[in-house]
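Morning, everyone. Structure up, please.

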Amino acid sequence: MKKLYFIPLLLMGAMTLSSCDDFLEEEVRGQENLDTYFQGENDVESFIHGCYNAITNYDWWQVERVWILSDMCTDDYWMGNTQQNQEEYISLAHYQGVGQSNGSISDFWQYRYKGILRCNIALDRIPDVQMDETRKARYIAEAKFLRAYFYFELVKNFGGVPLVEGFVMPHEVSGIRRSGVEECYAFIAKDLEEAAAALPTRSQLAADEMGRATSGAALGLLGKVQVYNGEFDKAKVTLKKVIDSGQYALMDDFGKVWNMDYENNQESLFEVQNIYDETYRLGGSMAIVSGNRGGGDMDGWGWGVPTAYLENCFIEAGDYERLKWTIIKNGATEIPGENNFDELIQMQGNQNGDGSYYVSPEINKSARVSRKHYLPVAHRPGNFNTALVPLNYIILRYADILLLYAEACNETGDDGNARSALNQVRKRVHLPEVNTSGTALRKDIRTERHLELATEAQRLYDIRRWTDDNGKKVVCNLMGPDGAFVKWNTNAATADAYEWANQKEASDKGRTFQEGRDLVFPIPLYEITMSQGAIEQNPGWN
């Protein structure tokens, strides 16, 4: 049911909150409509579509740019575009400590709470609707799954956040304070457990329902939440249920994972369903926002580009299979999966002069772009450069589940099962099995997550939560004046030639990282101001 995320609802337009006002203070409009809206199953179905729509909210700037920004804050992505004003991203991507008024995270915060509001309304009103009880239970479970997902997105970015547990009016949440991370995770886990018990399995979905939440998606997300919260014993049990369900498997070819011809494949637990319609402004944006700027009229905007450091990580691991499906570099003589390469070079005007792919080193920090978000010519709509493409966006996939399970097993001393899960992922890309254990195996699992999930908005949250051998979080050993990433890029002997030559984005990204501040993003300043101090800022963001 590919349209389920993108059906505009007049009711939603009436009741959602202004993008410029505080989510706790803005009056909820359309109350009278809500009192008469839920008359039957069709109304419920339509409203749940609106809850799914809140995953991305129709355009690139509300949510998807933070998915890209999260990778900009790691060793995987540069901010990239060195032709336009960089202020929107640089305060956070370069750890400058002045991101409280950053528009990207402010919008993300607001639109995640708007999604929560929609889910809370659904959970408040659907139980009273006269309809088939089995369908009703499923819709309620979908709303709980989505609410849990939205809260997880908030917690992993900001730490503990205010928990709005039901459909309440503004005066009822006035003065609300942030809940602790543990309390937030407990709330999320409860929603996911209840959702998993009522949702169908993947194999029970009808063909036109593909993309809706399933019990496997709920359990997979629950296992991920438990790993993030350090509940490894629980995570091991939860993730094993997904593995043993028989509903999911790795694709035989890594190149099929991010491929329009294989969307909603056997590896996918949950993905955003994108269709393209220019008139109604439907579609996803990742291929455009992070696409090749300067590569011709048919490429993209160049925000978020792979680093040479990431490329070197693949090379050091001998992982050339995933490298070719993750990074496209200036001068490439082929792009895997692109069957119209010569046509593409003509579109670019053969700017390299030798028939190779052009990524401008002058306006792209690394002269590289992401292959995972690249859309081959045959799949591009006629008006390609509009931030609207039909490529789905994967939120949770089976390789992630296997690696989370491997991590949970390793953390609980079950290295045999950890190796088994890890080696399944390695086997697909023709890498030898690992036979390590203990700390060495933990390192292997972390390396595998890095290479398998690179540029998929996973890296920041891994390096923030992982603790290194020296007792510091991994991000603290990558960033800062002595961080491995910073030193590699500021040393002429190791720095990449393209990146060294283009200092319109400084190569010392991460030098000003502060451990006591930068393990989470700042709470948007307007939120603190509008709450009159009831909502407290994260440490270090003054």
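A crossing is left-handed if the near helix is turned anticlockwise from the far one by less than a right angle. Keep that in mind. And note that this is a predicted model.

Start with H4, residues 64-72, and H6, residues 103-125. H4 passes H6 in a left-handed crossing. Their axes sit 9 Å apart, at an angle of about 130°. That makes H4 oblique to H6. Who touches whom? On the H4 side, Arg-65, Val-66, Trp-67 and Leu-69. They meet Gly-103, Ser-104, Ile-105, Asp-107, Phe-108 and Arg-112 of H6. By class, this contact has 5 nonpolar, 2 polar and 3 charged residues.

Next pair: H7, residues 133-158, and H10, residues 215-228. The angle here is about 25°, and the axes are 11 Å apart. Angles under 35 degrees count as roughly parallel, so H7 and H10 are roughly parallel to each other. H7 also passes H10 in a left-handed crossing. H7 brings Phe-145, Tyr-149, Phe-152 and Lys-156 to the contact. H10 brings Ala-217, Ala-218, Leu-221, Lys-224, Val-225 and Tyr-228. The class count is 8 nonpolar, no polar and 2 charged.

Last, H3, residues 41-53. Is H3 mostly covered or mostly open? Mostly covered: 10 of its 13 residues are buried. Among them are Val-44, Phe-47, Ile-48 and Tyr-52. Glu-45 and His-49 are buried too. At 1.5 Å a residue, H3 should span 18 Å, and its end C-alpha atoms are 18 Å apart, which agrees.

Notes. Residues numbered from 1 in each chain as written. Predicted model: local features only at pLDDT ≥ 70, side-chain atom pairs only at ≥ 80, totals over all residues. Heavy atoms only, no water. Helix = DSSP H or I, 4+ residues; strand = E, 2+ residues; numbered from the N terminus. Expected span 1.5 Å × (residues − 1). Buried < 20%, exposed > 50% of the residue type's maximum accessible area, 1.4 Å probe, protein only. Axes fitted to C-alpha atoms, helices over the stretch in contact; angles between N-to-C directions. Parallel < 35°, antiparallel > 145°, perpendicular 65-115°, else oblique. Contact = heavy atoms within 4.5 Å. Nonpolar A, V, L, I, M, F, W, Y, C, P; charged D, E, K, R; others polar.
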